[in-house]
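Hi there,

Here is the structure I promised to pass on. Have a look at it, and then read my notes below.

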Amino acid sequence: MKQSSAAGRLATFRLLAQRFAFLSLIVASVALMLLGKADIVLIEHTRALVADAMAPMLDAMARPAATVAQITDNFHELANIRTENARLREENARLMHWQTVARRLESENSVLHENLNVIPDPDPAFVTARVIGDMGSAFGHSMLLGAGSKDGVRKGQAVLSGEVLIGHIAEVGLRSSRLLLITDINARTPILVESTRTKAILTGDNTARPRLNYVAGSPTIAVGDRVVTSASGGAFPPGIPIGAVSSVSDGIVRVEPFIQRHHLEFVSVVDFGLGGILPFERPPPPERRRRGKDE
Amino acid sequence: MTASIWVKMDTWVRHLIPFGVTLFLLLLTAVPTHLPGFAGIAPMLPLMGVYYWAIYRPDLLPAWLAFVIGLLYDIVGGTPLGVNALVMLLVQGTAAGQRKFFLGKSFAVTWWAFGLLTAGAVGLAWLLVSFLIGRAIEPMPVIFEYLMTLCFFPILTWMLARTQMAFLKDV
């Protein structure tokens, strides 16, 4: 009799302990959210550290996936080889014409450069990194790259695929980093509509086609207009291609990026020597603290 | 009779399987699939792992391990830290609390309950992320992600059940 009551008490105690543990875990996750919201450096470091620890596993798993994707691509290419060939012939003819134009412009440009004593843009340093993690999620568009601060990657640097801007570095660990795509809800890219030289901000909203906000003036933006980076804010050098306007309706302009995220396997992280986009910087709020000290 | 050290170690390793499998599902979600359009709406595989083990072996994937899985999910996926930790924790708690209801029920019931629970989980995640970012997130990708998760549930449950049968039948 005594034994069973003791066992019963133990069971109650265990249940209470379980409840308490559960509640404290809930409190812990809410606390983490608030800490993350307050932008504590510690949280960022922890994230980077854990991502670093998982990077080798992710890297190992990304490689066979890339191989499979390549094999299926090969099959697709074989199946479409005739139509692809015809298309390429046509494109080649068109590009030959452009090549002549470009050659002429290049020589003209170099003569003008010489006459005007233009200081050339410095050649940017870059790192090529493999995409090791692409957690498909409706809550954010970002990727993990297999290169970090020990490879020279810094927060805010531009990330290109070929010549096209795809995003910037948002978090950096020792051997991994997080690429925030221009389609992410947190991404803001200063841009220029090439044909009209209109400045605007490209705002991601977690869909495949980000929209243009803060369009300067009231220009006529047409579908198909090219969108490139602008030098505003000193984030990126001007003129890096991003995409083309895909729809204009009710004042909402959407841009189709040239590069879709499923094509990305290797990307270049480029150091243009500019400040880059530092999205989470905030001005320090010292006012209140100082007053407290004086009193 | 006390079990020999090898038997103990064997049991110990077998007991790690639910966490290991769920972690593997998490890494699997992060593999770049190179499929057009898939990346924005990939199914939430770790959520299924947490749900399954909460019903069938809650002793081996307790609340705190679900919390850890959620934290790793946040870190790999880039969502604000704590969001998926809370979601996983609540899913584990609810499923484990109602597990008596599921045991012996048909698969359709489990699926239906998973649909309800995931709707709550995805809704909560949507609210939390929108609140933390300060802007409402586009709901369409979230709804597609939810439907995708529902579609993948039968395949994954079958695989998890096979795993349970193979490794955890008697331990």
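What percentage of the 171 residues in chain B are buried? Buried residues come to 44%, where buried needs 20 or more other C-beta atoms (placed from the backbone) within 10 Å of a residue's own.

Before the rest, a word on the source: this is a predicted model, in which local features need pLDDT of at least 70 and side-chain atom pairs count only at pLDDT 80 or more, while totals for chains, interfaces and linings use all residues. Residues are numbered from 1 along each chain as its sequence is written, and chains are lettered from A, ligands numbered from 1, in the order in which they are written.

Chain B has eight helices and zero strands (DSSP runs, H or I of at least four residues for helices and E of at least two for strands, numbered from the N terminus). The C-alpha atoms of chain B fill a box of roughly 60 × 30 × 30 Å along the principal axes.

One helix pair is worth a look. Helix α7 (residues 107-133) of chain B packs against helix α8 (residues 139-167) of chain B at about 150°, with the axes 10 Å apart (lines fitted to C-alpha atoms over the stretch in contact, angles running from 0 to 180 degrees between N-to-C directions). That makes α7(B) roughly antiparallel to α8(B), the term for angles over 145 degrees. The contact (C-beta atoms, placed from the backbone, within 7 Å) includes W111(B) and F114(B) of α7(B), and Y146(B) and F153(B) of α8(B). Its residues divide into ten nonpolar, three polar and no charged (Ala, Val, Leu, Ile, Met, Phe, Trp, Tyr, Cys and Pro are nonpolar, Asp, Glu, Lys and Arg charged, the others, Gly among them, polar).

Best wishes

Notes: Buried ≥ 20, exposed ≤ 12 C-beta atoms within 10 Å, placed from the backbone. Parallel < 35°, antiparallel > 145°, perpendicular 65-115°, else oblique. Contact = placed C-beta atoms within 7 Å.
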